[in-house]
Amino acid sequence: MGMFDNIKDTLTKQTHIAPLAVFRIVFGAIMLFSTLRFMANGWVHDLYVEPQYFFTYYGFEWIKPLSEMGMYFLFSLLAVSFLLQAIGLFYKWSSAFSFLAFTYIELIDKTNYLNHYYFVSIVLFLLIFVPANRYFSVDVTRKPNLKITHLPYYYILIFKLQLAIVYFYAGLAKLNADWLFNAMPLKMWLPAKADLPLIGSLLAKKWVAYTFSWFGAIYDLSIAFLLFNRRTVGIAYFLVVVFHLLTWLLFPIGVFPFVMISATLVFFPKQFHLRLIHFFSSLQFNYSPTNSTDKPKEFAQSELNQNGLNPNKLTSNLKLTFFLIFLLIQLLVPFRYALYPDNLYWTEEGYRFSWRVMLMEKAGYAIFHITDPETNRTWEINNYDYLTPNQEKMMSTQADMILQFAHYIENELKNEGIKAPIITAEVYATLNGNPSQLLIDPTVDLTKLKEGFAHKKWILPFTSAQ
């Protein structure tokens, strides 16, 4: 038997479904809480109703927000879909809807981009294609013939590998001089938390920033390997909890730490998840009763059809191929930054969707100069007349958004009767404590530039003073 046969046998080996069922429950519950929290804090209005302009992703310019009532209705349906997903009721429909609705919301405005939103979209996408509702679910209670106890290992492995990619790539991103040798940006952020009880006085010390920086890099690079090892999974999960609770305490990153804490449970063996399921059963939820002595029922069992083929096996092979292609894409996409020159954190070309978490402190301001070529009149616009404070903050440090906003202003001016306005921008930015410097060429007429994946040559080189 060759190496590839051995790998396929490992991937397709039947394993207990309990870890996948628990993953469905805890992930759906966390996302339900997150959605209700989002609505309760008024962020639906702040982020999707109040703005008059939205920074769309390249290629998704057709994505537009709904009306105010429509957005609130969509978020309400999203909350319901997460509840149904958690309890395993109408699972396929709720999974498909939650992915489409959540991803649609995130595509409306990229000033709201966060790594953990991207992670959630990925997980929701994968949940569509796995039979996570076929054990300990309301669907099984309604239709007992759906119940299975075992399924091919790759249905669970894909989630483990996705988590491993997030951690390991975050660690790779920390292998840079600013993070390791300058302790930036932690050296700037931690002293701001000096008022915290017990540990506050330590956070102002430089050696603490260096310790946190190095520990963060080592943790991210090694934690996946520790989680995959059954001998060390317990201590690894303890480190996961400590690490994410500490980041939650120190930084305003919402529920992301709890998403990672709950999702990482998937690394524990089936006995752990069966005990969790027994605990859930004791709460008298309307789930199909289950225990570790269930008679094994595999997902791919089927009689041969009239052509002598096993349709379930064919479907399983297609899904395995799909997951492998998906995994390959996830491995490659974060490295697209290598296709661009200059400092990644300055240009941010290839920065999104690459698991670079909290690696820079970047701030800036942008002044847009307008010239009417017919009258030679020149003036400046007030960004806040068009953008929310958060949009202006994000736009002022990212070249693609600067270009988008310039084209938006161009269209607004044309509607006012100015036929061919010239728009330039004086944009200053500071990165990780370096002195403020020009981000883009202030002489370039932004109306003549088009968005695309090519390198933006009008971004000026970064000069480090450290």
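The crossing of α2 and α8 is left-handed, a term used when the near helix is turned anticlockwise from the far one by less than a right angle, right-handed being the clockwise case. This is a predicted model, in which local features need pLDDT of at least 70 and side-chain atom pairs count only at pLDDT 80 or more, while totals for chains, interfaces and linings use all residues. Residues are numbered from 1 along each chain as its sequence is written, and side-chain values use heavy atoms, with hydrogens and water left out.

Helix α2 covers residues 18-40 and helix α8 residues 154-173, and their axes come within 9 Å and cross at roughly 50°. Axes are lines fitted to C-alpha atoms, for helices over the stretch in contact, with angles from 0 to 180 degrees between N-to-C directions; helices are DSSP runs (H or I, at least four residues) numbered from the N terminus. The two are therefore oblique to each other, since angles under 35 degrees count as roughly parallel, over 145 as roughly antiparallel, 65 to 115 as roughly perpendicular and the rest as oblique. Pro-19, Leu-20 and Phe-23 of α2 make the contact with Tyr-155, Ile-156 and Phe-159 of α8, where contact means heavy atoms within 4.5 Å.

Leu-20 and Phe-159 are also among the residues with the most contacts inside the largest nonpolar core, which has 87 residues. Such a core is a set of buried Ala, Val, Leu, Ile, Met, Phe, Trp, Tyr and Cys residues joined through side-chain atoms within 4.5 Å, buried being under 20% relative accessible area, exposed over 50% and partly exposed in between (1.4 Å probe, protein chains only). Apart from this core lies another, of 52 residues, including Trp-346 and Leu-413.
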